[in-house]
Amino acid sequence: EAHITDHVEYAKFMRKHLSKPECIHEDGSLDMEYFRPKVLDNISWTDDTIHDLIQGIKLHGIGKWAQIQADFLPMFAPLDIRIKANKLFGTQDLSSYSGWKGDREAIQKEFEKNKAAAEAKNLWKYDVSLNP
């Protein structure tokens with residue numbers, strides 16, 4: 001147990017000398033709050049933000065999440081944008097759409113196509129086609 005304590009103290013010592021002050025406590029232990037994923041409070045998808053996402057898909061295409069974020073949706077992370085696009089297309093897997101561009105009507109047609117195909121295979125859950 002003394003070895004473990006020595007190891008822990010060594011880790012704290014190294015953190016105090018090598019880490020950013022905001023990510024550790026005074027004793028060298030980690031401040032877990034610093035490492036908690038940042039969640040934007042009160043940010044949700046609205047008709048306007050969905051419109052902006054569709055404009056981004058129309059301009060940049062599927063898979064260009066960072067570009068869509070920079071030009072249209074700076075308040076959302078690229079991952080959030082991709083997940084919302086999955087919902088718009090009704091599929092968990094957008095790989096077959098890489099680079100695809102289209103407007104609201106074209107996206108709705110893809111959603112309906114994906115929904116019909118998934119329902120035929122009993123793979124439609126939570127408004128998306130599940131990967132088999």
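Analyst: Let's begin with G28: once neighbours within four places in sequence are left aside, G28 is in contact with K12, R15 and K16 (contact means heavy atoms within 4.5 Å). Before going on, note that this is a predicted model, in which local features need pLDDT of at least 70 and side-chain atom pairs count only at pLDDT 80 or more, while totals for chains, interfaces and linings use all residues. Residues are numbered from 1 along each chain as its sequence is written, and side-chain values use heavy atoms, with hydrogens and water left out.

Where does G28 lie? Its place is the loop between helix 1 (2-18) and helix 2; helices (H or I, at least four residues) and strands (E, at least two) are DSSP runs, numbered from the N terminus. G28 has a relative accessible area of 0%, so it is buried (buried is under 20%, exposed is over 50% and partly exposed is in between, with a 1.4 Å probe and protein chains only). For a sense of distance, 34 Å separates the C-alpha atoms of G28 and D80, which are 52 residues apart along the chain.

K12, one of the contacts of G28, also forms a salt bridge with D27, and their closest N and O atoms are 3.8 Å apart. A salt bridge here is a side-chain nitrogen of Lys or Arg within 4 Å of a carboxyl oxygen of Asp or Glu. K12 sits in helix 1 and D27 in the loop between helix 1 and helix 2, so this pair ties together parts that are 15 residues apart in sequence. K12 is buried at 18% relative accessibility, whereas D27, at 40%, is partly exposed.

How many salt bridges does a search of the whole structure find? The count is 3. Another joins E105 and K109, with closest N and O atoms 3.7 Å apart; these two lie in helix 6, 4 residues apart, about one turn of the helix, and both are exposed. K113 and E110 make a salt bridge as well, at 2.9 Å between the closest N and O atoms. They too lie in helix 6, 3 residues apart, or about one turn. K113 is partly exposed at 48% relative accessibility, but E110 is buried at 15%.

The largest nonpolar core has 16 residues, and I57 and F89 touch the most other members. Such a core is a set of buried Ala, Val, Leu, Ile, Met, Phe, Trp, Tyr and Cys residues joined through side-chain atoms within 4.5 Å. Helix 3, helix 4 and helix 5 each give two or more residues to this core. Beyond neighbours within four places in sequence, I57 is in contact with several residues, among them I62, I68, A85, F89 and W100.

F89 also takes part in a cluster with Y97 and W100, linked by ring pairs. Rings of Phe, Tyr and Trp (its six-membered ring) pair if their centres lie within 6.5 Å; planes under 30 degrees apart are stacked, over 60 edge-to-face and the rest tilted. By this rule there are 6 aromatic pairs. In one of them, the ring centres of W45 and F76 are 4.1 Å apart and the planes are at 10 degrees, so the pair is stacked. It links distant parts of the chain, 31 residues apart: W45 is in the loop between helix 2 (32-35) and helix 3 (47-60), and F76 is in the loop between helix 4 (65-71) and helix 5 (78-89). W45 is partly exposed at 24% relative accessibility, while F76 is buried at 5%.

Finally, consider two loop residues. N122 has a positive phi of about 60 degrees although it is not a glycine. Most residues other than glycine have a negative phi. N122 is in the loop between helix 6 (104-120) and strand 1 (124-125), and at 57% relative accessibility it is exposed. Y126 also has a positive phi, near 55 degrees; its place is the loop between strand 1 and strand 2 (128-129), and with a relative accessible area of 69% it is exposed.
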